[in-house]
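Me: I have a new structure to get to know. Can you walk me through it?

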Amino acid sequence: MVKEKLIKRRNEKDFTQKDLAEYLNISQTQYSRKEKGEVEISEEEWERISKLLETNVDEIKESEEVTNINNYFENTVTSSSFGSIAGNFYCNIPEFLLESQKELMEMLKKEIQQKDVEIDLLKKRIEDLEK
């Protein structure tokens, strides 16, 4: 969900996406994804943004309608005018994709177990033949 209230307030205060990205110690691309609703804005980030924009969080925060989304994150290091900052990239993954991946992993685990049993049987046959 696009963060219309946030964008409007940012523009009213003459801040660019790059300005807010630097303030949050993230890349402009990552900040853009947050405004587009592709990536979640944490409560801490909402607080920091509201202070910078001189408003209450409630005035800029949209109600979230998205459900069944989990976040996958990977630690990264980003460079900004503040120096190198460790942070996270977030990727929203729909629940149905996660479920299908879990099913696939379970199936693969079973296949691996079957292969382990077959390998053990073959090892025993080899030992018997070598005697």
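The chat below goes from the whole chain to one residue.

Reply: This is a predicted model: local features need pLDDT of at least 70, side-chain atom pairs count only at pLDDT 80 or more, and totals for chains, interfaces and linings use all residues. Residues are numbered from 1 along each chain as its sequence is written, and side-chain values use heavy atoms, with hydrogens and water left out.

Me: How many helices and strands does the protein chain have?
Reply: Six helices and two strands. These are DSSP runs, numbered from the N terminus: helices are H or I with at least four residues, strands are E with at least two. The order along the sequence is α-α-α-α-α-β-β-α.

Me: What share of the protein chain is buried?
Reply: Of its 131 residues, 21% are buried. Buried means under 20% relative accessible area, with a 1.4 Å probe and protein chains only.

Me: Now helix α3. Which residues are buried there?
Reply: Helix α3 covers residues 28-36, and Q30, Y31, S32, K34 and E35 are buried in it. Just after α3, G37 has a positive phi of about 85°.

Me: Where is I49?
Reply: In helix α4, residues 43-52. I49 is buried, at a relative accessible area of 1%.

Me: What does I49 touch?
Reply: Leaving out residues up to four places away in sequence, I49 touches L6, L20, Y23, L24, Y31, I41 and I60. Contact means heavy atoms within 4.5 Å.

Me: And how many residues apart are I49 and L24 along the chain?
Reply: They are 25 residues apart, and their C-alpha atoms are separated by 8.0 Å.

Conventions
Buried < 20%, exposed > 50% of the residue type's maximum accessible area, 1.4 Å probe, protein only.
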